[in-house]
Amino acid sequence: MSTQFLNTSSLPYCKGCGHDMIAKHSTKAMESLGLSALDVVMITDIGCHGIIDKCLNTHTVHGLHGRSPALGAGISFGIENPDKKVVVFIGDGGATIGLQHIMEAARLNLNMTIVLHNNMLYGMTGGQTSGLTPKGFATTTSYDGNPLSGYDICALAHTAGAAHVSRVLGVGDISEKFVNAFKTDGFSLIEVIEICPSYGVKLNPKRKLTEIVESSGREIGEWTNQRPAYKFTQTQKTNDLLSKVSTIKADFKHNLKEPLSVVLSGSAGEGVQLAAAMLSKAAMRSGLDVTQKGSYPVTVGVGFSTAELNLSPEKINFHGINIPDVAIITSTDGLNHNKKRIGHMQKGVLYIDSSLEVPDTGAEVIKYDFRSLGAKNAALASIVLFAVKSQIINHESIFKTIEEEAAGKKLPVDKIKKTLGI
Ligand SMILES: Cc1ncc(C[n+]2csc(CCOP(=O)(O)OP(=O)(O)O)c2C)c(N)n1
Ligand code: SF4
């Protein structure tokens, strides 16, 4: 296993960027603690500091802006081996955006370290003020100096309950400061005050880091809380979530030679998603692989309801559907929601309620009066008709699925059988 954490000494930052020194000294600290690269999960955030990922030999995860502490927390919860380390790299911008995530990790005293790259502005997007920009520090959104004080993140994390918090000037070899943070049992945060030459230096010429920190009323130092690190105490653990997923035994056969995409669409409240689920499960018990995705407005009781299904004799690696092979439309809402892509169908089949005007399409059109069975039964009737006409799966597999999976829902199976003559 590699004991070297960085795979290059030429890091991808602008010349003189404080991030360079943090990357080198923090990884030097990990090496000096005898950690091996694969003992460490590094979670990086959005921002210039985050482009370090590719230079690390550790496990790396790149988070959304401000969310790397939440990812770190999740990983920390899941790690049982105390010899593994969770280290989060974040900028002052990300720390502002995700402040609550940092506070929660500190409050719980989770086993993880946050390395806060405080260059006092948003580097990657052009030098804007962040919530940690000190009072008086000039940025591209406050040329005359920030009129407000930045958050004192060390005080916040300390009062939230962090085991170890430190504020360090990014000058000289600070690897020992990192050692103190990394060897903490519980939550540690190390705020390194550093500078971005591209914006910070240009906008604040001749200012020294020490003077910037002092004039903003902040102290360099470390603060501790004597309290135990968070321990996961839940007694009934689920080790493998997949083991809880029931498997469907294939007790029917299918006639599908290649993947088929199906869009079923009608109106909200008319059982479209349930019918799609019955079709999915019937296809699965016929030995097919299936994906199902539902979409409907946030106001779930009105408007369209669309289900997108992929049925395949092989493993499905991509579940997106642009132009479907089969469209099944049971109401005006469903038609309006899918008119455009039905118009793009050059082949395939459109099953459509006979009350609807058939749009221009290259698909074969099969009309049926699904709604004559009642609006709430139209979607179910349509998938049965699809099974009967296409012969891809045996329609009996749908009735068997309903019997086993939706018995309590009193679906009108007999009525559908009678109407369709099966
Ligand atoms: C939620 C969110 N808001 C804004 C952005 C745009 N954005 C990308 S990088 C960045 C600045 C990053 O600054 P900082 O976190 O201090 O890191 P630095 O670039 O200084 O290392 C911003 C605002 C984003 N990606 N996500
Ligand atoms: S823009 Fe600033 S923070 Fe980003 S790499 Fe360059 S010097 Fe560093």
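Me: Which residue in E10 is the bridge partner of Leu264?
Reply: Ala307 is the bridge partner of Leu264 in E10. Strands here are DSSP runs (E, at least two residues), helices are H or I runs of at least four, and both are numbered from the N terminus. This is a predicted model, where local features need pLDDT of at least 70, side-chain atom pairs count only at pLDDT 80 or more, and totals for chains, interfaces and linings use all residues. Residues are numbered from 1 along each chain as its sequence is written, with chains lettered from A and ligands numbered from 1 in the order in which they are written.

Me: How do E8 and E10 pair?
Reply: E8 (residues 260-267) and E10 (residues 304-312) run antiparallel, over 8 bridges. Two strands count as paired if DSSP finds at least two bridges between them.

Me: Which strands does helix H9 touch?
Reply: H9 (residues 272-284) packs on the sheet and touches E8, E9 and E10. Contact means C-beta atoms, placed from the backbone, within 7 Å.

Me: OK, new topic. What surrounds ligand 1?
Reply: There are 17 residues around ligand 1, and the closest are Gly47, His65, Gly91, Gly93 and Gly123. A residue is near if its C-beta atom, placed from the backbone, lies within 6 Å.

Me: Which helix gives the largest share of that shell?
Reply: Helix H3 (residues 92-97), with 4 residues.

Me: And the domains, how far apart are their C-alpha centres?
Reply: The centres of domain 1 and domain 2 are 51 Å apart. Domain 1 covers 18-224 and domain 2 covers 246-420, with bounds from an automatic or database domain assignment.

Note on methods:
Two residues are in contact if their C-beta atoms, placed from the backbone, lie within 7 Å. Axes are lines fitted to C-alpha atoms, for helices over the stretch in contact, and angles run from 0 to 180 degrees between N-to-C directions.
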